[in-house]
Amino acid sequence: MSACGVPMGNRIDSHNLSVYYLDGITKEKAIAFAKYWRDNGFVGENKQTIQLDSENNVIFVKLIEREVYSDEPISIDEEVMLQDLERTLKQEIFNKEVTIVITDNTFQPIMKRNI
């Protein structure tokens, strides 16, 4: 699948969650991620789409930012939570470094974090 020339990857769906995964991410890892995301309360009432990508032995979890928050910078507390989540995903799911990337609706990064 692709949108505007940007590869989306394969997809798994679970209720309000769609997880796309690109080369370097196995279907099993994508399913494990989706289960973790759901079981830990990250899936709300609104449809959520996430893309998993891999480059240079790092897993990128690409989260689409809701427009409502687009003008607000990430707070220090939010950054700490994202770093904790990255460590947890590394240990429990991927066994590789994990970086969470805030993106627009085409999975293009929005510069909101100091990574």
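Predicted model: local features only at pLDDT ≥ 70, side-chain atom pairs only at ≥ 80, totals over all residues.
The side chain of Asp13 forms a salt bridge with that of Arg11, at 3.0 Å from N to O. Arg11 is likewise assigned as partly exposed, with 39% relative accessibility.

In total, the structure contains five salt bridges. As a general point, side chains that carry opposite charges can pair when their charged atoms come close.

Another of these pairs joins Asp39 and Arg38, again with an N to O distance of 3.0 Å. Here Asp39 is exposed, its relative accessible area being 55%, whereas Arg38 is partly exposed at 35%.

Let me turn to Asp53, which lies in strand β5. Is Asp53 buried or exposed? With a relative accessible area of 15%, it falls under the 20% limit, so Asp53 is buried. Its salt-bridge partner is Lys62, at 3.5 Å from N to O, and Lys62 is buried as well. Beyond its neighbours within four places in sequence, Asp53 is in contact with several residues, including Leu22, Asp23, Ile25 and Phe60.

Finally, I consider Phe42, located in the loop between α1 (27-39) and β5 (48-55). Phe42 is partly exposed, at 33% relative accessible area. Outside the four places on either side in sequence, Phe42 is in contact with Tyr36, Trp37, Gln48 and Leu85. Leu17 is 25 residues away from Phe42 in sequence, and their C-alpha atoms are 9.5 Å apart in space.

Terms used. Residues numbered from 1 in each chain as written. Heavy atoms only, no water. Helix = DSSP H or I, 4+ residues; strand = E, 2+ residues; numbered from the N terminus. Buried < 20%, exposed > 50% of the residue type's maximum accessible area, 1.4 Å probe, protein only. Contact = heavy atoms within 4.5 Å. Salt bridge = Lys/Arg side-chain N within 4 Å of Asp/Glu carboxyl O.
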